Structures are given as structure tokens and as C-alpha cells.
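Hi,

Here is the structure I promised to pass on. Have a look at it first, and my notes on what turned up follow below.

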Amino acid sequence: MAATVLHPLAVEIFIPVAAGVGILFALVQWFIVSRVSVSSSKDGQHPPISNNGYNDYLLQEEGGIDESDAVAKCSEIQAAIAEGAESFLATEYKYLAAFMGIFSIFIFLFLGSVKGFSTKKEPCEYNPSVLCAPALANAFFSTVAFLLGAMTSTLSGYLGMKIATYANARTTLEARNGVGRAFIVAFRSGAVMGFLLAANGLLVLFLAIMVFKLYYGHDWAGLYEAIAGYGLGGSSVALFGRVGGGIYTKAADVGADLVGKVERNIPEDDPRNPAVIADNVGDNVGDIAGMGADLFGSFAESSCAALVVSSISSFGTDLDFVAMNFPLLISGAGIFVCLATTLFATDFSVIKSVKEIEPTLKRQLVISTVLMTVAIGIICYLALPKSFTIYVVGHPPKVVRNWYVLIACT
């Protein structure tokens, strides 16, 4: 098979750099959101106005509501929601840690017992000329990958909840000065979770591959089989986050409605109903923290599945490091594409009314699709040979052209 255009060293540089850029961009968005203050001025004077508008005076006198009282109330509600969400996640993660510890033991025992906890290397199934790692080593590294996936998924969910509880009051306060400024704060805070999730997942996965490679050497099939535990760990946490948080948020929502509407005739989401705080806590731990873990699980599973397929193709037999990391190169390019796309909504255009929000979001989809299609085409040319072979158990080998992959991805 023809060699790839891209050098292996370029892959080892590009993937961590892309992840680092994603993390840095998320932190920048977090910093910009943080510049919207939720504490009223001590001396009652307007804070200084800056050119970018983020330190402008937040509140105007509306309906007889004093702006300092409104800011203080927003801060109080935000603190209550954040405290409740963190308390729930702390309790949930205690049970999750116990489950992960027990489940990791089962993974080690079941995988290790496949060949009687053998410590002897054997010829690889897809390349008999190479000795594969013993069953006990595969069990150990699969367990480590599982725990790494679980911890990264937990971190993704927690960071998503953190930025949501951090930005809710700020979005509310900015909305008093127009929907455009509220949209910017909400969009930037959402970008924090998205970039941190993708960048952290990509970075941890690639570092795990490089560390495992020190032991596995040219046994790529065994290495990526062990790495598959990374996706399993992410999915396990997503189960807890989505189900546990979802049950809580639905119970709190129904409780707020029943008590408020039926017993006290209080409208839904009225601050006089104390169950409203529980409802908002449930939204954060279920719809945000749970969704963050769920999204990470999908990212990890799809990446690990693609890596396993690449390892048992001609990439693995030809020891083509660049081609085998094609899925991670796509994810790295996606970070740069999303970064550029985000700027079109936050810096290159200004939302002035509600009716402009939908076209802006649709434009985001179109721009990202076009840019990502171009990026995939470039990566297919640089990181894949012109043709390669995929081996499927029970079927004859299939020769694939690199442009097939471009069509499949787009």
C-alpha cells in the first residue's frame, strides 16, 4: 500500500495542539462570560463603561424594581441553584465511584480469564508475524482505559453544570439590556462546555494511546482493543448522569407544578414557590451535567470504534500510525472548525432581535458543514493512502479508496 503524505510526527503534534487550543478557547469564553458582574455596585454608582460593552451598567429601572435589588436577587438565586446542583452531583458521584470500582474489577477478571490469566504472548490473529500482548495485560490496560473514560466523562458533566450555573444569572441580567447581549452570554457559556468536552476527551484518549503504545509496540489490534474500554467508561457515567439526573429533574418539576399550581395557585417557575429551585437544580444535573456525560460517551464510543476498525485493517498490518489515527485527526480538525464557526455568531455578527436568532444558528450549521467538509477532504488526502484493505470476519477483504471515506464522512 502507498504511504501517507503526513509524517507521524505531525500527528503527534497536531492532535495535542488541537486539544490544547480547544481548552484555551473554552477558558477565554469563560473569562468573557465572567466579566458580566452579578454583584451590585457598593456605592450605587454605575461601573465604568468599556468599548466592548461587557462592563456596561447591567440594569435599568424597570417596573419600579431597583436595579441593585434585582442584581442581588439574581445572585442569591444563582447561588442557591449552584449549591443544590453541586450537592446532588457530589452525592451521585460517591455512588458512581463505588460502581466504577466494582465494575472495573469485573472487567479485569472477565477479560483476564479469557485464556486463564495467561502472561504469555501469542501470535496476533491478523498478523501472525507479530506477538500480541497476553490476556492479563489486555485486562489491565482495558481496566485503566475504562477508569480514564469514566473520570473524563465525570469531569465533562461537572464542567458543563458549573458553567451553566455560572452563566444563568448573567444571561438573565444581560437580557434586560436586549436579547442580543443575552444571546452572546448564553452562546459563549454553551461553547465552554462543548469545547472542554471535545478537547479533554481527545487529549486524554490520545495520551492514553501513546502511553499504552510503550508496552504494546506494534500490536495495534491489542492496543486499540484495550482503548475500547475508554468508550465503555464514558457510557457508564452517562447512564448515571442521564438516568439519575433525569429522574430527579422530572420529580422536582412535577413537584413544583403540583404544589404551586394545585395547592397554592402559584404560576409555574414563580420564585415564591420554593420547589422552583429544586426544578432548576434538576435541569442542571440532568439536562446539562447528564447531557455532558452523554455527549462525551457518544464521542468516546464512536472514536474508539473507529480506532478498532482501523487497527484490524491494512493500517494495522502495515503499521501505518498516521492512518490509524485518522479518527482523532478528524476530531482535532473539528475543534478548529468549530472555533472559527463560533466567531461568526459572537464576533462577526450582532443579534438585535429574537427573529435573528434562528437564522444565526442555521448559518452556524451551514458554515460548519462547509468548513468541515473541506477539512475532511484535506485529511483524507494527507492521512490516508490512496487505497487500503478492511478485513471483516466472515467476509472477504474489501479494498477501499480514500475518497470513499470522504463521501461517507460528508
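Cysteine 380 counts as buried because its relative accessibility is 3%, where buried means under 20% relative accessible area, exposed means over 50% and partly exposed is in between (1.4 Å probe, protein chains only). Cysteine 338, at 39% relative accessibility, is partly exposed. If you were wondering how many disulfides there are, a search of the whole structure gives 0, taking a disulfide as a pair of cysteine sulfur atoms within 2.5 Å.

A word on what you're looking at: this is a predicted model, with local features needing pLDDT of at least 70, side-chain atom pairs counting only at pLDDT 80 or more, and totals for chains, interfaces and linings using all residues. Residues are numbered from 1 along each chain as its sequence is written, and side-chain values use heavy atoms, leaving out hydrogens and water.

On confidence, pLDDT (the predictor's confidence in each residue, from 0 to 100) averages 81 over the chain, and 86% of the residues score at least 70. Helix H1 comes out highest with a mean of 93, and helix H11 (residues 402-409) lowest with 64. For residues 41-64 the pLDDT is below 50, though this stretch has 36 contacts in the model beyond near neighbours in sequence; contact means heavy atoms within 4.5 Å. Where pLDDT is low, the predicted coordinates should not be read in detail.

Leaving aside residues up to four places away in sequence, tyrosine 224 touches Ile209, Met324 and Asn325, among others.

Helix H4 covers residues 179-216 and includes glycine 194; helices here are DSSP runs (H or I, at least four residues), numbered from the N terminus. Glycine 194 is partly exposed, at 39% relative accessible area. Asparagine 200 is also in H4, but is buried, at 13%. Its contacts, not counting residues up to four places away in sequence, include Ile23, Leu159 and Tyr230.

Finally, helix H6 has a kink of about 30° centred on methionine 291, the bend being the angle between axes fitted to the seven residues ending there and the seven starting there.

Cheers

Conventions: Helices (H or I, at least four residues) and strands (E, at least two) are DSSP runs, numbered from the N terminus.
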